[in-house]
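I opened this notebook to record what I looked up in one structure. The entries below follow the order in which I consulted it.

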Amino acid sequence: MDASRRTPRQFRSAIVPAAGLGTRFLPATKAVPKELLPVVDTPGIELIAEEAAQAGADRMIVVTSPEKRGLATYFDEQPELENTLAQRGRFGLLEKVRNAAKLLDVGTVVQRRPLGLGHAVLQAESVLGADESAVAVLLPDDLVLPHGALDAMATVRERFGGSVLCAIEVPADEVSAYGVFDVAATGEPDVLRVRGMVEKPAPADAPSTFAAAGRYLLDRAIFGALRRITPGAGGELQLTDAVALLIAEGHPVHVVVHRGTRHDIGNPAGYLRAAIDFALQREEYADSLRGWLHERLNAR
């Protein structure tokens with residue numbers, strides 16, 4: 001799939017569900033939202049904002065809890081800090097500090113109770129423009145690299161309509177950790193039609209090895225579907241149930257298979273892998289880190 005060709009923009013707003021408590025990172029997340037934990041020196045939510053902006057989003061809607069209303073303030077300008085850095089001639093660092101505020105407009109909506117991913121996405125409907133026919137959803141726990149998955153998804157939506165999701169191919173013995181797609185070929189490489197989805201199946205029951213990767217380009221019809229589904233386990237509204245309802249009603253749903261890297265930074269092990277991966281790509285850290293890792297691993 002050539003995502004580099006020019007495609008009419010398919011969305012303006014990117015929804016980022018970020019109302020969770022970050023329990024897997026306690027006690028750190030008692031005071032610092034998980035989304036602000038740095039991957040090397042850049043918070044995960046800024047990396048998500050960069051991806052959304054590069055794909056053409058004008059704004060990012062962060063779905064927060066009442067305890068995390070300040071999350072969007074990270075994207076505000078910091079005049080006092082910026083002036084201090086400028087006076088000290090720290091212009092490289094100044095540019096890094098200014099980056100987040102320049103990416104796109106950031107607003108918040110509040111999810112007052114943790115009632116599932118589908119419920120979180122539904123909270124953002126009220127702030128969308130009446131002319132927005134589709135919306136992107138980016139899960140902040142998933143870093144999908146290199147950027148470009150959303151561009152490819154927009155190209156697929158332009159051709160097939162409906163909703164488009166991102167998938168990664170996982171080993172057969174690991175499918176039980178993911179939502180797995182039941183798919184059919186379209187005749188195009190790495191573009192598949194979705195017939196259904198199974199949450200965390202046993203390997204013997206998995207319909208494929210294509211798993212959800214935390215990126216969605218959803219037709220506006222998703223909000224009507226979210227209002228019509230019933231809560232599942234734990235009383236939560238599941239986004240996958242709403243997608244399944246749209247499929248059952250004949251709404252086209254496709255996946256783009258991402259062949260790059262995906263890091264789950266929502267748990268400490270995945271977060272550490274992402275930090276190491278990012279650091280190895282940074283000139284100022286790569287050589288010393290690579291040498292230390294070699295010594296440390298050989299010493300075991």
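Entry 1, helix H1. I began with the buried residues of H1, which are Gly44, Ile45, Glu46, Leu47, Ile48, Ala49, Glu50, Glu51 and Ala52. I took buried to mean under 20% relative accessible area, exposed to mean over 50%, and partly exposed to mean in between, with a 1.4 Å probe and protein chains only. Helices (H or I, at least four residues) and strands (E, at least two) are DSSP runs, numbered from the N terminus. Nine of the eleven residues of H1 are buried, so the helix is largely enclosed by the rest of the structure. I also noted Gly56, which follows H1 and has a positive phi near 110°.

Basis of the entries. The model is predicted, so I note that local features need pLDDT of at least 70 and side-chain atom pairs count only at pLDDT 80 or more, while totals for chains, interfaces and linings use all residues. Residues are numbered from 1 along each chain as its sequence is written, and side-chain values use heavy atoms, with hydrogens and water left out.

Is Glu51 buried or exposed? Glu51 has a relative accessible area of 4% and is therefore buried. Which residues does Glu51 contact, leaving aside its neighbours within four places in sequence? I found Leu138, Val144, His147, Leu150 and Arg215, where contact means heavy atoms within 4.5 Å.

I then turned to strand S4 (residues 59-64), in which Val62 has its place. Val62 counts as buried because its relative accessibility is 1%. Not counting residues up to four places away in sequence, Val62 touches Val16, Ala18, Ile45, Leu71, Val106, Gly107, Thr108 and Val109.

Asp264 is placed in strand S13 (residues 261-264). Its relative accessibility is 22%, so Asp264 counts as partly exposed. What separates the C-alpha atoms of Asp264 and Asp142? The separation is 4.9 Å, although the residues are 122 apart along the chain. With residues up to four places away in sequence not counted, Asp264 touches Asp141, Asp142, Gly270 and Tyr271.

I recorded two cis peptide bonds. One joins Leu26 and Pro27, with omega about 10°; Pro27 lies in the loop between strand S1 (13-17) and strand S2 (38-39). Another joins Leu145 and Pro146, with omega about -10°; Pro146 lies in the loop between strand S7 (142-145) and helix H5 (149-160).

Val40 has a phi of about 65° and sits in the loop between S2 and strand S3 (42-43). Val40 has a relative accessible area of 27% and is therefore partly exposed. Lys200 has a phi of about 50° and sits in the loop between strand S10 (191-199) and strand S11 (210-219). At 57% relative accessibility, Lys200 counts as exposed.

At what angle do helix H6 (residues 221-228) and helix H7 (residues 239-248) pack? The angle is about 110°, and the axes are 9 Å apart. Axes are lines fitted to C-alpha atoms, for helices over the stretch in contact, and angles run from 0 to 180 degrees between N-to-C directions. H6 and H7 are therefore roughly perpendicular to each other, a term used for 65 to 115 degrees. From H6, the residues Ala221, Ile222, Ala225, Leu226 and Arg228 meet Leu239, Ala242, Val243, Leu245 and Leu246 of H7.

The secondary structure comes to nine helices and 13 strands. The radius of gyration is 20 Å, close to the 19 Å that the globule rule gives for 300 residues, so the protein is as compact as a globular protein of that length. This radius is taken over C-alpha atoms, and the rule is 2.2 Å times the number of residues to the power 0.38. Buried residues make up 47% of the 300 residues.

How values were computed:
Angles under 35 degrees count as roughly parallel, over 145 as roughly antiparallel, 65 to 115 as roughly perpendicular and the rest as oblique.
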